[in-house]
Amino acid sequence: MKATRVLAEDHKVIERGLGLLEQVVGAMDDGEIPARDYLDQLVRFFKDFVDEYHHAQEEQIFFPLLESHGFPRHREPADGMLREHERCRVLFGEMVDQVSKLTKEDGAAAAFTALARQYLTVLREHMFKEDNLFYQYADEVLNADERSSITRAFLDKEEVILGHGGRGIYSDLIGDLERQLFGVKLTVAGR
Ligand SMILES: [Fe+2]
Ligand SMILES: [Fe+2]
C-alpha cells in the first residue's frame, strides 16, 4: 500500500469541500446569503477535517518522516508547505470572523468571498504540489517498514483527532452538504 494513500484520499474529500465553498462564493456574488446552519457545517468541515486533522497529520507525521529522506522541515520546499498551512489557517480564521457578521454588516459578504477565493487558490495549489511532488516522492523513497508505520500512525491519530467513525463522518458530512446544496436525490442501485 502507498504510504500516502490516506492523505491523497483526504485531498479528494477536501476538494469536494472546496467545490461547495466555491458554490457558496458564487451564491454570495449573486446577492444570496446561504443559511447560517449550512455555513456553520461547512466551517466545521474545514476546521476539523482540513486544519485539525489533515494538516496536523502532515505536520506531525508526514513531513518529519520526509525530513529523514532529504526534505529538511525548515528549508524549502518543505518549509514552504508548512507556511501554506499557516496561510490557510489565517485566511480561514478571517473567513469565520466574516461569517458571524454576514447578516449584520454591509460588506461582510464581499470580505468573505475575497478571503474564500484566496483560500481556494492557496489550498488547491498546495494540494496539487503535495499530490504531484511530495506524495510521489515519499512513495518512491520510503521503505516497506516506513510505509506501514506511517499508515499505522495516520490511522491511530485519525481516531484520536476525529473520534470514533473518523474520516467517514466527514465524507458523510460533505455528501450531506452536497445533497442540500444541489438538491440531489440519491438513488440506490437495484431499487
Ligand atoms: Fe499540506
Ligand atoms: Fe495535504
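Q: Axes are lines fitted to C-alpha atoms, for helices over the stretch in contact, and angles run from 0 to 180 degrees between N-to-C directions. At what angle do H1 and H2 pack?
A: This is a predicted model, in which local features need pLDDT of at least 70, side-chain atom pairs count only at pLDDT 80 or more, and totals for chains, interfaces and linings use all residues. Residues are numbered from 1 along each chain as its sequence is written, while chains are lettered from A and ligands numbered from 1 in the order in which they are written. Helices are DSSP runs of H or I, at least four residues long, numbered from the N terminus. The axes of H1 and H2 lie 11 Å apart, and the packing angle is about 150°.

Q: Are H1 and H2 roughly parallel or roughly antiparallel to each other?
A: Angles under 35 degrees count as roughly parallel, over 145 as roughly antiparallel, 65 to 115 as roughly perpendicular and the rest as oblique. The angle between H1 and H2 is about 150°. H1 and H2 are therefore roughly antiparallel.

Q: How many residues of the contact of H1 with H2 are nonpolar?
A: Residues are in contact if their C-beta atoms, placed from the backbone, lie within 7 Å. The contact includes Leu7, Asp10 and Ile14 of H1 and Leu42, Phe45 and His54 of H2. Nonpolar means Ala, Val, Leu, Ile, Met, Phe, Trp, Tyr, Cys and Pro; Asp, Glu, Lys and Arg are charged, and the others, Gly among them, polar. Beside 3 polar and 2 charged residues, the nonpolar ones number 10.

Q: How is H2 oriented to H6, roughly parallel or roughly antiparallel?
A: The axes of H2 and H6 come within 11 Å and cross at roughly 155°. H2 and H6 are therefore roughly antiparallel.

Q: Why is Asp139 classed as partly exposed?
A: A residue is buried if 20 or more other C-beta atoms lie within 10 Å of its own, exposed if 12 or fewer, and partly exposed in between. Asp139 lies in helix H4. Asp139 is partly exposed because the number of other C-beta atoms within 10 Å is 15.

How values were computed
Helix = DSSP H or I, 4+ residues; strand = E, 2+ residues; numbered from the N terminus. Contact = placed C-beta atoms within 7 Å.
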